Amino acid sequence: MSQGSYYYDMCCRYKGRKVRITDVAGREYRGRIVNVDSKYVYLEQDRGFGGFGYGYYRPYPGYYYPVVPVALAAIGGFFLGAAFVW
């Protein structure tokens, strides 16, 4: 199993839950997983978090906060929301 498919399966399993994802460059993303496709995991960002280095803002219908796509191939770490305090 490749690293990309490992994170794809994990992101699908935790869809709708708050997570913290670190990419291979060390950038951190926090939010709730709203969707996963073969290339990206889409995080609905919480207020107060800025400076999302990797990815871009893309409107995602039905969500109030910005949704940021994070490339599955760039994920270096994945933590569930219960593992840390927001």
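User: How many aromatic pairs does the count come to?
Analyst: The count comes to 3 aromatic pairs. Rings of Phe, Tyr and Trp (its six-membered ring) pair if their centres lie within 6.5 Å; planes under 30 degrees apart count as stacked, over 60 as edge-to-face and the rest as tilted. One of the pairs is Tyr6 with Tyr7: the ring centres are 5.2 Å apart and the planes stand at 70°, so this pair is edge-to-face. Another is Tyr40 with Tyr42, where the centres are 6.1 Å apart and the planes are at 45°, so that pair is tilted.

User: Before we go on, what sort of model is this?
Analyst: This is a predicted model, in which local features need pLDDT of at least 70, side-chain atom pairs count only at pLDDT 80 or more, and totals for chains, interfaces and linings use all residues. Residues are numbered from 1 along each chain as its sequence is written, and side-chain values use heavy atoms, with hydrogens and water left out.

User: And what is the mean pLDDT of the protein chain?
Analyst: The mean is 77, and 65% of the residues reach 70 or more; pLDDT is the predictor's confidence in each residue, from 0 to 100. Over residues 49-56 the pLDDT is below 50, although this stretch has 19 contacts in the model beyond near neighbours in sequence. A contact means heavy atoms within 4.5 Å. Where pLDDT is low, the predicted coordinates should not be read in detail.

User: Where is Tyr6 placed?
Analyst: Tyr6 is in helix α1. Its C-alpha atom is separated by 9.3 Å from that of Leu72, which is 66 residues apart from Tyr6 along the chain. Tyr42, in contrast, is found in strand β3.

User: OK, new topic. How many helices and strands does the protein chain have?
Analyst: There is 1 helix and there are 5 strands, in the order α-β-β-β-β-β from the N terminus. Helices (H or I, at least four residues) and strands (E, at least two) are DSSP runs, numbered from the N terminus.

User: Which way do β1 and β2 pair?
Analyst: They pair in the antiparallel sense over 5 bridges; two strands pair if DSSP finds at least two bridges between them. In this pairing, Ile21 stands opposite Tyr29 in β2. The two strands form a hairpin with 4 residues between them, and Gly26 in the turn has a positive phi of about 95°.

User: How about β2 and β3?
Analyst: β2 and β3 run antiparallel too, joined by 5 bridges, and the hairpin between them passes through 3 residues. Arg32 faces Glu44 in β3.

User: What joins β3 to β4?
Analyst: 5 bridges do, with β3 (residues 40-45) and β4 running antiparallel. Val41 has Val70 of β4 as its bridge partner.

User: Which residues have the most contacts inside the largest nonpolar core?
Analyst: They are Cys11, Ile21, Ile33, Val41, Ile75 and Phe78, in a core of 14 residues. At least two core residues come from each of α1 (3-13), β1 (18-23), β2 (28-36), β3 and β5 (75-80). A nonpolar core is a set of buried Ala, Val, Leu, Ile, Met, Phe, Trp, Tyr and Cys residues joined through side-chain atoms within 4.5 Å. In soluble globular proteins, nonpolar side chains tend to be buried together.

User: What is Phe78 in contact with?
Analyst: Leaving aside neighbours within four places in sequence, Phe78 is in contact with Tyr7, Met10, Cys11, Tyr14, Val19, Arg20, Ile21 and Ile33.

User: I spot Arg20 in that list. Which ring face does Arg20 lie over?
Analyst: Arg20 lies over the face of Phe79, 4.6 Å from the ring centre. A charge sits over a ring if NZ of Lys or CZ of Arg is within 6 Å of the ring centre and within 35 degrees of the ring normal.

Terms used:
Buried means under 20% relative accessible area, exposed over 50%, partly exposed in between (1.4 Å probe, protein chains only).
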